[in-house]
Amino acid sequence: MNNYTGFGAPVMLFLHCSRIMGPPQWSDMGMWLQSVMLLLVEHGLASCPQECWAMYGETIRQALGLGDDQILFTGLAIGYADEDAAVNQWPVPRVGIDEAVDFRGFAP
Ligand SMILES: Cc1cc2nc3c(=O)[nH]c(=O)nc-3n(C[C@H](O)[C@H](O)[C@H](O)COP(=O)(O)O)c2cc1C
């Protein structure tokens with residue numbers, strides 16, 4: 001449920017695009033989102049991409065006055081990180097590089 005208060009963040013960004021956009025443009029949006037998230041870190045802010053908002057695309061479209069030609073990709077909660085918050089104690093282990101990438105022709 002905390003997703004839908006943006007985990008208490010004071011700012012929400014909603015990223016949407018025209019429905020006619022295909023997989024290449026969705027990939028572009030992912031890269032754009034990543035760049036925004038990195039720039040936020042550079043400015044001392046934190047963010048949380050929240051795909052969960054896409055389940056309520058119609059509601060968000062109405063709230064923001066967007067046309068039906070727009071599709072909601074994701075929400076991005078933006079604020080200052082609270083490292084002590086319970087949600088930030090959730091373990092998010094990473095797999096090793098060898099598990100994520102198939103190196104061929106050279107050693108990692
Ligand atoms: C595109 C995208 C959508 C996500 N959607 C959600 C979401 O709806 N709710 C959520 O709690 N976490 C969501 N996550 C995961 C978190 O935002 C975050 O990436 C994860 O907890 C790892 O955080 P960390 O990299 O700071 O450890 C999403 C991540 C991505 C990349």
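# Ligand shell, salt bridges and selected residues

An oxygen atom of the ligand is 2.8 Å from a polar backbone atom of Cys 52. The protein covers part of the ligand: on its own the ligand exposes 630 Å², and 49% of that is buried by the protein. The model is predicted.

**The ligand and its surroundings**

- The residues around the ligand are Asn 3, Phe 7, Cys 48, Pro 49, Gln 50, Glu 51, Cys 52, Val 92 and Arg 94.
- Sorted by class, this shell holds 5 nonpolar, 2 polar and 2 charged residues.
- Pro 49 places a backbone N or O atom 3.0 Å from an oxygen atom of the ligand.
- Arg 94 uses its side chain instead: one of its side-chain N or O atoms is 2.7 Å from an oxygen atom of the ligand.
- Phe 7, one of the shell residues, sits in the segment before strand 1.
- The phi angle of Phe 7 is positive, about 55°, although Phe 7 is not a glycine.
- Phe 7 has a relative accessible area of 34%, so it counts as partly exposed.

**Salt bridges**

- Side chains of opposite charge can pair when their charged atoms come close.
- Arg 61 and Glu 58 form a salt bridge in which the closest N and O atoms are 2.6 Å apart.
- Both of these residues belong to helix 2, which spans residues 57-64. Arg 61 and Glu 58 are 3 residues apart there, or about one turn of the helix.
- Arg 61 also forms a salt bridge with Asp 68, with 3.8 Å between the closest N and O atoms.
- The distance of 3.8 Å between Arg 61 and Asp 68 qualifies because the cut-off for a salt bridge is 4 Å.
- Glu 58 is partly exposed at 38% relative accessibility, and Asp 68 is exposed at 58%.
- A further salt bridge joins Asp 102 and Arg 104, where the closest N and O atoms are 2.7 Å apart. Asp 102 and Arg 104 are both exposed.

**Strand 1 and strand 3**

- Ser 18 is part of strand 1, and Gln 70 is part of strand 3, which covers residues 70-79.
- Ser 18 has a relative accessible area of 19%. Ser 18 is therefore buried, because the limit for buried is under 20%.
- Gln 70 is buried as well, at 15% relative accessibility.
- Which residues does Ser 18 contact, leaving aside its neighbours within four places in sequence? They are Asp 69, Gln 70 and Ile 71.
- With its neighbours within four places in sequence left aside, Gln 70 is in contact with His 16, Cys 17, Ser 18, Arg 19 and Arg 61.

**Gly 6**

- Gly 6 is located in the segment before strand 1, a strand that runs over residues 11-18.
- The relative accessibility of Gly 6 is 2%, so Gly 6 counts as buried.
- Beyond its neighbours within four places in sequence, Gly 6 is in contact with Met 12, Gln 50, Trp 53 and Ala 77. One of these, Gln 50, also belongs to the ligand's surroundings.
- Between Gly 6 and Glu 99 there are 93 residues of sequence separation, and their C-alpha atoms are 32 Å apart in space.

**Asp 82**

- Asp 82 is in the loop that lies between strand 3 and helix 3, the latter being residues 97-100.
- At 43% relative accessibility, Asp 82 is partly exposed.
- The side chain of Asp 82 reaches the backbone nitrogen of Asp 84 at 3.0 Å.
- How far apart are Asp 82 and Gln 50? The two are 32 residues apart in sequence and 17 Å apart in space, C-alpha to C-alpha.

Terms used: Residues numbered from 1 in each chain as written. Predicted model: local features only at pLDDT ≥ 70, side-chain atom pairs only at ≥ 80, totals over all residues. Heavy atoms only, no water. Salt bridge = Lys/Arg side-chain N within 4 Å of Asp/Glu carboxyl O. Helix = DSSP H or I, 4+ residues; strand = E, 2+ residues; numbered from the N terminus. Buried < 20%, exposed > 50% of the residue type's maximum accessible area, 1.4 Å probe, protein only. Contact = heavy atoms within 4.5 Å. Near = heavy atom within 4 Å. Polar contact = N/O pair within 3.5 Å; in protein donor to acceptor, adjacent residues only side chain to side chain. Areas by Shrake-Rupley, 256 points an atom, 1.4 Å probe, with all protein chains shown as cover. Nonpolar A, V, L, I, M, F, W, Y, C, P; charged D, E, K, R; others polar.
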